[in-house]
Amino acid sequence: MTIAVYPGSFDPVTYGHVDIVTRVAHLFEEVIVGVYDTPPKNLLFTTQERVEMFRRSVAHLKNVRVTQYTGLTVDFAQSMKAKVVVRGLRMISDFEREFEMALMNKKLAPGIELVCMMSSLEYQFVSSSLLKEVFIL
């Protein structure tokens, strides 16, 4: 059974995040959404609120579960017995950052692969950061 981890801060969860996890759920037997507990960002929602938002958003997907985690993503993936880390890409700058992280993660956990999913066109310009900025203003 191939388990995939989809990590992120998800502050807040967007339709883009739900789109990625929905598409990934068709590719892997189990998908674990990992809500990062302590990202180096100013958070709008608590970890528990972010976990609950994502749980409600994917309740219709029977092979997806949502949990929180701390520490390195590759350590979380290994603790979940995942073989794959999934990341969503919207633009070239996302790729550059993910590529850097993938190289480091490969050194730390050679048995874990990275799968990047391209954002669906309708969610190409949706980001949690922009949503927070609009909400706050």
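**View 1. Arg 90 and Asp 94 pair up in a salt bridge, with 3.4 Å between their closest N and O atoms.** A salt bridge here is a side-chain nitrogen of Lys or Arg within 4 Å of a carboxyl oxygen of Asp or Glu. Asp 94 is buried at 14% relative accessible area, while Arg 90 is partly exposed at 28%. (Buried is under 20% relative accessible area, exposed over 50%, partly exposed in between, using a 1.4 Å probe and protein chains only.) This is a predicted model, where local features need pLDDT of at least 70, side-chain atom pairs count only at pLDDT 80 or more, and totals for chains, interfaces and linings use all residues. Residues are numbered from 1 along each chain as its sequence is written, and side-chain values use heavy atoms, leaving out hydrogens and water.

**View 2. Glu 30 and Arg 65 meet in a salt bridge at 2.6 Å, N to O.** Glu 30 sits in strand β2 and Arg 65 in strand β3, so the pair ties together parts 35 residues apart in sequence. (Strands are DSSP runs of E, at least two residues; helices are H or I, at least four; both are numbered from the N terminus.) Glu 30 is buried at 14%, and Arg 65 is partly exposed at 39%.

**View 3. Arg 50 of helix α2 is buried yet has no salt bridge.** The Arg 50 side chain does reach the backbone oxygen of Ser 9, at 2.7 Å.

Notes: Lys, Arg positive; Asp, Glu negative; His and termini not counted. Polar contact = N/O pair within 3.5 Å; in protein donor to acceptor, adjacent residues only side chain to side chain.
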